Amino acid sequence: MTKAFKTLDDIGEITGKRVLVREDLNVPMADGAVTDDTRLRATVATVSELADRGAIVLILAHFGRPKGIPSPEFSLSQVVRPYAAVLGRPVRYVDWEGATDAVAMLQPGDIAVLENTRFFGGEEKNDPAVVDRFAALGDLYVNDAFSAAHRAHASTEGLAHVLPAFAGRAMEAELDALEKALGAPEHPVAAVVGGAKVSSKLDVLRHLVTKVDHLIIGGGMANTFLAARGVAVGKSLCEHELASVCEQILDAADKANCIVHLPYDVVVAKEFKPNPATRTVNVHEVAADEMILDVGPAAVESLGDVLKNCRTLVWNGPLGAFETPPFDTATVALAKTAAALTQDGSLVSVAGGGDTVAALNHAGVANAFTFVSTAGGAFLEWMEGRELPGVAALRR
Ligand code: ADP
Ligand code: MG
């Protein structure tokens, strides 16, 4: 099947060609060591394949927010050694000064990390002069950084207009998974939207009600919906001022034949700390001095039944305050159900979001989902139904 974008399968003979590859090397570091190498591992498929096919691989990436001012603190040189360890291959470092000469010395199969793209102020402005400066170093452009694709920067968008452009393997896998989840999914489709606040996910909710058959609302944002429906939520995290917005979303769901699931039993506590005294109650029985911190067991069981009847699931946001025991219970239980259905072959499950990934890892099921996106902002913008500029620029 022809894809909407070109991939490494379309790139042809590349021996000796200089390929500029946009990756996400923006890893967290402490005392010179990478504390989470997930992003580095995500680049291995593309970078190894290109090197094995004889390309001169030139990696473009940003690191932190230097705002156009070069400084050692934001230098990608500190990532080169840990990155080489992850790749299991030598990696060179190329500073912007003298980059042309340094690149000219490279041989087919060599891999080099170019210095932080954000050392140029024009990177984030998609300045044509910066685009040209990058483009002069390469013959082809591969974008493999979905997590940066919601930004129209020189290295994430501009380059695709001046060099032959291709999606890398990680980008391709991400786009394929997202297409299966919301682009052309098998119905019925369920979405789980949880997390702290309605206000941070208004556009996500508005878009999903037009796309999915079941919208499962959990987490702190469920409190806001419950309050909008006249439920007294006590001291719970709740955005009372968004009551009318919640009503609008519920109306839109009704019109689109999307069934909204709000919890009908909840776990409450008077104090927000690990293992406090808790009660499991009907949502109408929350006392004035109590907080809703998790979805209750009866609701979780019926949500599991919803998933059993669905073919596709997209999940963003935990159902409860999962970092604090025992308020991880509902999230873990529903995640395990989704994982088991996925393994049985009855459900395509796609999840994303910083805390969601942490919660699925905590539940031990991240690998049992069809796809878990580690792209935070880009994943949310995609859930809002927006076309990401870095992806749009790759379209055929
Ligand atoms: P993601 O990063 O996956 O998009 P969010 O950042 O929107 O998710 O939300 C995650 C946060 O929501 C977690 O820190 C979690 O503790 C919090 N949360 C979930 N349910 C509740 C609740 N009932 N009360 C307070 N906080 C909650
Ligand atoms: Mg978060």
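Among contacts (heavy atoms within 4.5 Å) between residues at least 6 apart in sequence, 73% join residues at least 24 apart in this predicted chain. The model is predicted, so local features need pLDDT of at least 70, side-chain atom pairs count only at pLDDT 80 or more, and totals for chains, interfaces and linings use all residues. Residues are numbered from 1 along each chain as its sequence is written.

Display the whole chain next. Its C-alpha trace spans about 70 × 45 × 35 Å along the principal axes. Of the 396 residues, 56% count as buried, meaning under 20% relative accessible area with a 1.4 Å probe, protein chains only.

Then select Thr38, Arg39, Ala42, Val372 and Thr374. Of the 33 residues lining the largest pocket, these are the closest to its centre. A pocket is an open set of points on a 1 Å grid where a 1.4 Å probe fits, with protein on both sides within 12 Å along at least five of seven lines; lining residues have an atom within 4 Å of a point. Helix H1 (38-42), helix H7 (169-183), helix H13 (354-363) and strand E17 (371-373) each give two or more residues to this lining; helices are DSSP runs (H or I) of at least four residues and strands (E) of at least two. At least three lining residues come from each of domain 1 (8-169) and domain 2 (185-383), with bounds from an automatic or database domain assignment.

Finally, select Leu175, Leu178, Glu179, Gly183 and Arg395, which lie nearest the centre of the second largest pocket, among its 20 lining residues. H7 gives the most to that lining, with six residues.

Note on methods
Chains are lettered from A and ligands numbered from 1 in the order in which they are written. Side-chain values use heavy atoms; hydrogens and water are left out. Buried means under 20% relative accessible area, exposed over 50%, partly exposed in between (1.4 Å probe, protein chains only).
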